[in-house]
Amino acid sequence: ADVCSIYVRRADDSLELFATEGLSRAAIHRTRLSIEEGLVGWVARHRRPISLQEASKHEAFSYREETKEDPFNAFLGVPIVRSGQVLGVLVVQNIAKRDFSEEETEVAQTVATVLAEILSSGDLLEEDDLLDVEALLHKPEHASGTPIVSGIVQGVVALQNPPSAAHPTFAKDVAEEKTRLSDAVATVQKSVDNMMATDRGLEGASREVLEVFRLFAYDKGWVRRIEEKVLLGLSAESATEQVQAENRQRMRQVSDPYLRERLHDLDDLSRRLLRVLSGEEMNTNELPANAVYLADSLGPVELLELDASKLKGIVLAEGAATSHAAIVARSLGVPMISGAPEIVDRANFGDVIVMDGGTGEVHLRPPDTVITTFEDKAQLRLRRLAGYTALKDEPAITKDGVEIDLQMNAGLLLDMAHMDETGAGSIGLFRTELQFLLGRSLPTAADQETFYSQILDAANGRPVTFRTADIGSDKRAPYMRLLNETNPAMGWRGLRMAIDREGLMRTQIRALLSAAKGRSLRFMLPLVTTVHEIEEARLIIDKEKKRHEKRVGPLPTDIQMGAMVEIPSAAWDIKKLASHVDFLSVGGNDLAQFFFAADRDSEIVGNRYDPLAPSFLSFLKRTVQEAKSAGKPLGYCGEQAADPLMTLALLAIGVERLSVAASAIGSLKAMIRSVTFTRLRDEVLRLVEKGEATIRPELRAFAKFEGIEVR
């Protein structure tokens, strides 16, 4: 290279030319660029490399006369990153108009990794300069993510990937460190080999998944990247952590689900390697008191394994409002925010953090003024919740006399206490699959019977609608060996799986019949796609009813079977479907994702559609009308109904029964009581007919004008 320069980021967010070979030395400590200025600012701002044949032609190029950089054309800039913070930028320049190869870029990134360690260790900087770096690494951070579950929390950071055991940053003996790395890699590879050799239950697609994982464990490219950093002087642990951080950064930029899964594999391998190097097994589920859990993404089982007594909030880099982890978080009443990758990247274990799950605001290492503001907001929220409590025994009825049946969603025994707290008259959706996901083995019929009896006892005579286990997609327990499908959300799950695994369904129906002895039993089947599936399920259920009468005794006093309408094919054919069941319930989350062909768990496409689009509302309106003409009651139990504007639209198109999370009941009841139904109906139908992309902004304006309490 003709030029190599280091720009160090200062506390005021400027980037100072700190050292150079090739530019004018008079510019050192004199040339400063804001983080919004020049190619150097572009690299720092975007946190990724840039390679150009002719730097001056790029729109971000900023010329500084004192540097004497006129002759130089080719430009390669890479960020110097430590603990998620950009500490500076490493720049390489050439007179020739040339391309920098991928290998050269990777070498520059490796050098930047070493520079980051040196900058943060204080070996390069004067004491005053080091204070700037320390200020950057520990400065307050703020992000506005996507609000998922409301609630205001002040706590301390717990990390999905906790810090590894203390280790030196640099290698005392490079050759010895390389040997340590080679031995640790061999141990990891052997553990994967043993996993495949001993688990004889693996077959078909399941074995293929592990084979791919094994290939990554033996991948020379992954190991070579770590070795290169060791050869440059890092310890094996530091080198592994840096490669892991680079992979996570790439993971965020990849949209292809297969490639993202493979990068998750590499992340898993890095964690295994770090554990071997440290010689200890770390418990990632150990939480401090008042923990706010930070993670890239989170599954429902992983969430349920966390210590609920210590878990106060969740902040994710990615995740949708209708994901299954979000549903579980609502059930647990744990505030949750997604879409805040910068907070997840820059947090350290034990940092103070405050979050507002209602607005999506999150502050890391906040100043006292921010903490005071959040404490005031928390007090206001408590007063508002007290107002909702005062309404718990009042009906959910509009000003002009339209009464709405407001029911509660549940999935755990601890949820049942919320019935009295909220005044909910019934459980409109009890998710039975959580019992299957929590254990280390499939629950027996006796276990299930005991659990369902406890739920019915807790309801104290109030109706409970059990949804039979909706297993598949992202809802799988460690003991389950499900198919490895390209798109599991559209694959073998719900009623499809239950019919194919008749033993699983019969065991659950057997437990429900026994638990409801002397009482009414209501249950519904998930993800129904065709009438034929209902007929097949009915044959299985009838077998269990005959068995019960023969071996146990009388059936429950009343048995009602319903169907979940979550697939457009079922919604379109709802009249025929209605003739085979006693009631219907729309699962809005799945119905919307299949209607828009947008995976609700996808950070990339999950937020591209709005269920308040006229096309979807028209489709729902037809579904509601067809169900009513068939004479069967229809409810709506999607998490969408917790969105107050969506609730208004559902009321307007004729939905009279809503089942929502306990945390949403108070605010929705207050809102319903402030509505004049006829005016709402006329306005929503007018907006749907108008046909904009979404009716959300105009519906919000209407609610404000009418004095409707939308929170």
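What pLDDT does the protein average, and what share of the residues score at least 70?

1. Confidence. The structure is a predicted model, and the protein averages a pLDDT of 85, with 86% of the residues scoring at least 70. A stretch that calls for caution is residues 200–206, over which pLDDT stays under 50; for these residues the model has 7 contacts beyond four places in sequence. Where pLDDT is low, the predicted coordinates should not be read in detail.

2. Overall make-up. The protein has 711 residues, of which buried residues make up 52%, and its secondary structure comprises 26 helices and 22 strands. Among the contacts in the protein with a separation of 6 or more, 65% are accounted for by residues 24 or more positions apart.

3. Cysteines. The structure holds 0 disulfides.

4. Strand β16 and its neighbours. Strand β16, which covers residues 427–431, has 5 of its 5 residues buried, and it is therefore largely enclosed by the rest of the structure. On one side of the pairing list stands strand β15 (residues 405–410), which pairs with β16 in the parallel sense over 3 bridges; here M408 has I427 of β16 as its bridge partner. Strand β17 (residues 464–467) is likewise joined to β16 by 3 bridges, and these two strands run parallel, with F466 in β17 as the bridge partner of F430.

5. Helix α13 and T422. Is T422 buried or exposed? T422 lies in helix α13 (residues 418–422), and it is buried because its relative accessible area is 14%, which is under the 20% cut-off. Leaving aside residues up to four places away in sequence, T422 touches K392, M408, A662, I665 and K669; M408 in this list is also the residue whose bridge partner in β16 is I427, and α24 spans residues 662–672. A further spatial relation involves Y388, which is 34 residues from T422 in sequence, while the C-alpha to C-alpha distance between them is 8.3 Å.

6. Aromatic pairs. A search of the whole structure finds 9 aromatic pairs. One of them is formed by F596 and Y609, which are stacked, with 4.6 Å centre to centre and 10 degrees between the planes. Because F596 lies in helix α21 (residues 588–596) and Y609 in the loop between α21 and α22 (614–629), this pair ties together parts that are 13 residues apart in sequence.

7. Arginines over rings. Two arginines deserve a look alongside the aromatic residues. R522 lies over the face of F583, at 4.0 Å from the ring centre, and R622 lies over the face of W572, where the distance from the ring centre is 3.7 Å.

8. Helix α23. Which elements do the buried residues of α23 pack against? Helix α23 (residues 644–652) is mostly covered, since 9 of its 9 residues are buried; among them are P644, L645, M646, T647, L648 and A649. The buried residues of this helix pack against α22, β21 (634–636), β22 (657–660), α24 (662–672), α25 (677–690) and α26 (696–706).

9. Positive phi values. Two asparagines may be checked for backbone geometry. N290 has a phi near 55 degrees, a positive value in a residue other than glycine, and its place is in the loop between α8 (257–278) and β10 (291–295); at 40% relative accessibility, N290 counts as partly exposed. N460 also has a phi near 55 degrees, again a positive value in a residue other than glycine, and it is found in the loop between α15 (445–459) and β17. N460 counts as exposed because its relative accessibility is 64%.

Note on methods: Residues are numbered from 1 along each chain as its sequence is written. This is a predicted model: local features need pLDDT of at least 70, side-chain atom pairs count only at pLDDT 80 or more; totals for chains, interfaces and linings use all residues. Side-chain values use heavy atoms; hydrogens and water are left out. pLDDT is the predictor's confidence in each residue, from 0 to 100. Contact means heavy atoms within 4.5 Å. A disulfide is a pair of cysteine sulfur atoms within 2.5 Å. Buried means under 20% relative accessible area, exposed over 50%, partly exposed in between (1.4 Å probe, protein chains only). Helices (H or I, at least four residues) and strands (E, at least two) are DSSP runs, numbered from the N terminus. Two strands pair if DSSP finds at least two bridges between them. Rings of Phe, Tyr and Trp (its six-membered ring) pair if their centres lie within 6.5 Å; planes under 30 degrees apart count as stacked, over 60 as edge-to-face and the rest as tilted. A charge sits over a ring if NZ of Lys or CZ of Arg is within 6 Å of the ring centre and within 35 degrees of the ring normal.
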